[in-house]
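I began with the contacts of charged groups and rings.

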Amino acid sequence: KLGELRVEGSAPGAPPLLRELPLRLHHHAFAVKDQEANRIFMEEVLGIPLVATWCERTFRHELGREIEYCHTFYEIADGGALAFFQWHDEEAAELFKPRFHPTGAGSWHLALKATRTTFDEIQGRLEATGTPHVVIDHGYCLSLYVKTPDGLRLEFAVDALDWEAIA
């Protein structure tokens with residue numbers, strides 16, 4: 001039914017679910033063309049701090065050779081991170097680049113839970129920099145959607161005050 005959130009158990013006869021669930025999101029990784037443009041967006045527009053950079057050289061079977069790339073990590077409150085990596089190899093960058101729906105629409109996005117205070121601050125920062133964004137009230141949460149310079153759609157979601165009653 002429209003507007004109703006339902007949670008179902010596993011299917012009859014399915015293998016048992018994990019006894020212990022994963023602890024939290026460690027990181028979500030996404031390829032970028034330009035680490036500096038991404039840093040400006042993450043730190044200066046959104047206000048999310050860069051906390052680590054890691055560069056490595058590794059063998060990639062898809063290419064049959066070693067390649068170099070660097071990860072940058074932006075902290076989220078639970079200790080997880082939004083990670084972005086840039087390939088130092090044109091062939092690898094083309095092979096591994098993200099591919100989005102041509103219209104930019106669709107359901108591929110990363111949603112982060114936020115307090116209303118953080119939501120309002122991010123919205124203010126986006127408005128101050130003229131960064132396009134969309135706010136949608138889904139009923140069970142209020143969502144702000146924005147795209148990174150490379151097209152990753154981020155959602156900042158504030159749960160409805162009565163989310164437990166409507167879940």
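**Entry 1: charges over rings.** I found Arg-60 over the face of Phe-96, at 4.4 Å from the ring centre; I took a charge to sit over a ring if NZ of Lys or CZ of Arg is within 6 Å of the ring centre and within 35 degrees of the ring normal. Arg-153 likewise lies over the face of Tyr-145, at 4.4 Å from the ring centre.

**Basis of the entries.** I am working from a predicted model, in which local features need pLDDT of at least 70 and side-chain atom pairs count only at pLDDT 80 or more, while totals for chains, interfaces and linings use all residues. Residues are numbered from 1 along each chain as its sequence is written, and side-chain values use heavy atoms, with hydrogens and water left out.

**Entry 2: aromatic pairs.** I looked up the ring pairs and noted 6 aromatic pairs in the structure, where rings of Phe, Tyr and Trp (its six-membered ring) pair if their centres lie within 6.5 Å, and planes under 30 degrees apart count as stacked, over 60 as edge-to-face and the rest as tilted. Phe-85 and Trp-87 make an edge-to-face pair, because their ring centres are 5.1 Å apart and their planes stand at 85°. Trp-87 also pairs with Phe-96, and this pair is tilted because the centres are 4.8 Å apart and the planes are at 35°. Ring pairs link Tyr-69, Phe-85, Trp-87 and Phe-96 into a cluster, and Phe-96 of that cluster is the ring that has Arg-60 over its face.

I then checked burial, with buried meaning under 20% relative accessible area, exposed over 50% and partly exposed in between (1.4 Å probe, protein chains only). Phe-85 counts as buried at 14% relative accessibility, and Trp-87 counts as buried at 9%.

**Entry 3: overall layout.** I counted 4 helices and 8 strands in the protein chain, these being DSSP runs numbered from the N terminus (helices H or I, at least four residues; strands E, at least two). Along the sequence the pattern reads β-α-β-β-β-α-β-α-β-β-β-α. Of the 167 residues of the chain, 32% count as buried.

Entry 4: Strand S2 (residues 50–60) runs antiparallel to strand S3 (residues 65–75), and 10 bridges join them; two strands pair if DSSP finds at least two bridges between them. Leu-50 stands opposite Tyr-74 in S3. The two strands form a hairpin with 4 residues between them, and Gly-64 in the turn has a positive phi of about 75°. Phe-73 lies in S3 and is buried, with a relative accessible area of 18%; Phe-73 is 22 residues from Val-51 in sequence and 5.8 Å from Val-51 in space, C-alpha to C-alpha.

Entry 5: How many residues of strand S7 are buried? I found 6 of the 7 residues of S7 (residues 141–147) buried, so this strand is largely enclosed by the rest of the structure. Strand S6 (residues 133–137) pairs with S7 in the antiparallel sense over 5 bridges, with Val-135 having Leu-144 as its bridge partner. Their hairpin has 3 residues between the strands, and Gly-139 in the turn has a positive phi of about 100°. On to strand S8 (residues 153–159), which runs antiparallel to S7 and is joined to S7 by 7 bridges; Cys-141 stands opposite Asp-159 in S8. In this hairpin, with 5 residues between the strands, Gly-151 takes a positive phi near 95°.

**Entry 6: Phe-30.** Phe-30 lies in strand S1 (residues 27–31) and is buried, with a relative accessible area of 4%. Phe-30 and Leu-152 are 122 residues apart in sequence and 7.8 Å apart in space, C-alpha to C-alpha.
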